[in-house]
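Please view the sequence and the model together while reading.

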Amino acid sequence: MRAVFPRPVLAKAGDVQPALGSCRKARMGKQSGARGVARRVSAIGSSDRVDMIGGHDFPTDARDVRVETNCAVDAGEQSTCTSANGIAKAAVASALAAVMALEPLAAVVGSQTVGFGVATGLATTLATASDASAALSNPNTRLPRNGIAALRRAVPGINEESGLVQSKLEEAAYLLRIPQRKPWGTMGDNVKVSLNTVRDKKEKMLAPVPVGDARDAAETTRAELEQLLLELVDIAQAQDVERFDRGVAMALDATSRLKVFQAPGLPFDVPRKFQNLPRLTGRATVELVIKKAPGTSFGYVNGDETNQVVLTIVVDGYNAPLTSGNFVENVINGVYDDVTLQKSETALLTVPKNGVDTAATLPLEVKPIDDYEPRYRSPLNVMGAEELPTLPLSVNGALAMARGAEDGTSSASQFFIYAFDKRSAGLGGMAFEEGEFSVFGYVTKGEEEGFLSQLNTGDTIVSAKVISGGERLVNGDGGKPAGDEGSAE
């Protein structure tokens with residue numbers, strides 16, 4: 001077992017840290033395509049294209065997805081494997097993928113979890129171990145490796161059909177990473193199951209969406225997903241790796257957007273004592289315009305040297321409604337305009353402006369991955385392998401509020417962007433601080449381009465603006481600004 005060294009403590013509100021740090025570049029694919037259901041126009045594009053069509057970013061990271069074996073399902077009963085061959089095949093596939101990715105994973109076979117290590121060979125099987133309790137021995141902790149994948153997995157599971165489609169596509173994307181001979185038959189079957197679900201269960205998939213513009217937009221997204229899956233069936237038969245990779249990423253993005261339509265509000269009630277605080281009942285998108293310090297730049301963009309870029313972040317109120325609502329309210333009130341950044345060893349920390357109440361706090365808000373609602377004032381015991389967060393800190397570009405002055409609290413004004421480096425991570429590939437901060441969103445554009453890694457002490461957030469989702473901000477007192485609420489403690 002590797003030694004665990006004392007971890008550095010991230011800054012509390014108002015602290016200034018030395019300019020040290022490193023940043024891991026997350027992997028993402030860049031692709032887009034024609035929307036709609038016209039069968040004659042490929043939404044995925046041809047395999048001989050080097051540059052992707054359009055400028056949208058879609059996730060390609062599916063290394064953490066579990067692999068399911070072929071199991072027989074009896075009506076009204078749980079799935080059971082037909083033979084030991086299914087377990088053996090899953091083990092081989094998982095081991096091959098683990099060797100390729102140089103990190104362990106888990107294959108779930110019925111009610112058993114089988115873990116594999118790759119440091120010196122395959123590790124001992126962890127039979128009948130729960131996901132959390134296996135974390136000490138098996139570093140596969142269901143943690144995504146980029147912000148888009150984290151947000152995709154964090155959407156509430158309102159609709160069973162959409163959940164099935166996502167799981168099948170995640171598995172297909174994962175199986176594509178197996179080196180040498182790829183299981184095209186299984187991947188094709190996953191796509192066919194997804195297509196049949198999207199096409200035949202249309203009414204059930206749209207049922208959770210409110211009637212009106214949202215329902216129309218959801219149907220457009222569902223039709224887009226159906227078109228992508230139709231093309232993926234042919235691509236799987238042609239065994240075109242590049243186009244299949246691109247198409248699955250696009251289909252996963254469409255599935256994620258459809259699931260957001262299916263979740264128009266919070267599936268739980270905020271505790272009564274916090275009813276008067278701003279809260280976000282869904283997701284919002286915020287743009288941060290950031291300018292480099294004098295004498296520095298981000299390099300050349302489209303042939304021109306630039307010292308100013310835009311970072312796009314998605315704020316997740318589904319899993320951190322109070323923290324997200326407070327952040328969006330601060331953005332609306334201009335709290336983060338003309339704010340300087342300070343780089344510490346593990347984060348980019350905002351330096352509060354004069355006039356901002358740095359003593360105001362919020363309750364620490366963390367939602368365990370297997371819980372129905374967030375937990376308040378209590379950090380998760382992640383390193384004890386008891387719990388894992390729905391919104392993990394262990395993702396490059398994660399956003400969280402700084403610690404408050406008291407235990408169990410977060411700053412109401414100072415946030416940071418986490419610079420995750422797996423090489424210095426703790427047990428299971430997780431950050432040492434995992435589960436101790438109120439994570440509320442992720443950078444979704446600007447990390448892949450390398451802008452995030454270039455930010456340093458002295459750079460400035462010129463402006464912060466809510467570009468979508470502002471209507472999901474709710475104030476319990478009828479619209480009083482967040483600054484008038486004072487501390488929640």
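The model is predicted, so local features need pLDDT of at least 70 and side-chain atom pairs count only at pLDDT 80 or more, while totals for chains, interfaces and linings use all residues. Residues are numbered from 1 along each chain as its sequence is written, and side-chain values use heavy atoms, with hydrogens and water left out.

**Strand S18**

Helices (H or I, at least four residues) and strands (E, at least two) are DSSP runs numbered from the N terminus. Strand S18 covers residues 398-403, and six of its six residues are buried, so the strand is largely enclosed by the rest of the structure. Here, buried means under 20% relative accessible area, exposed over 50%, and partly exposed in between (1.4 Å probe, protein chains only). Two strands pair if DSSP finds at least two bridges between them. The pairings of S18 are as follows.

| S20 (residues 439-445) | antiparallel | three | alanine 400 and valine 439 |

S18 and S19 form a hairpin with five residues between them. In the turn, glycine 408 has a positive phi of about 80°.

Helix H2 (residues 147-154) is mostly covered, with seven of its eight residues buried. Among them are Ile148, Leu151 and Arg152. The N-terminal end of H2 is capped by asparagine 146, of which a side-chain oxygen lies 3.2 Å from the backbone nitrogen of isoleucine 148.

Valine 198 belongs to helix H4 (residues 184-200). Valine 198 is buried, at a relative accessible area of 0%. Beyond its neighbours within four places in sequence, valine 198 is in contact (heavy atoms within 4.5 Å) with Val165, Met205, Arg222, Leu225, Glu226 and Leu229. Its C-alpha atom is separated by 8.0 Å from that of serine 162, 36 residues apart along the chain.

**Cavities**

A cavity is a set of points, on a 1 Å grid over the protein atoms alone, where a 1.4 Å probe fits but cannot get out; lining residues have an atom within 4 Å of a point. Grid points are joined across faces, edges and corners, and a volume is the space filled by probe spheres set on the points. The count is seven cavities of 30 Å³ or more. The largest cavity has a volume of about 80 Å³. Its lining includes Asn319, Glu365, Lys367, Phe437 and Val439. The lining residues divide into six nonpolar, three polar and three charged. In this division, Ala, Val, Leu, Ile, Met, Phe, Trp, Tyr, Cys and Pro count as nonpolar, Asp, Glu, Lys and Arg as charged, and the others, Gly among them, as polar. Valine 439, named in this lining, is also the residue of S20 that stands opposite alanine 400.

Conventions: 1 Å grid on protein atoms, 1.4 Å probe; cavity = no way out; pocket = protein on both sides within 12 Å on 5 of 7 lines; lining within 4 Å. Polar contact = N/O pair within 3.5 Å; in protein donor to acceptor, adjacent residues only side chain to side chain.
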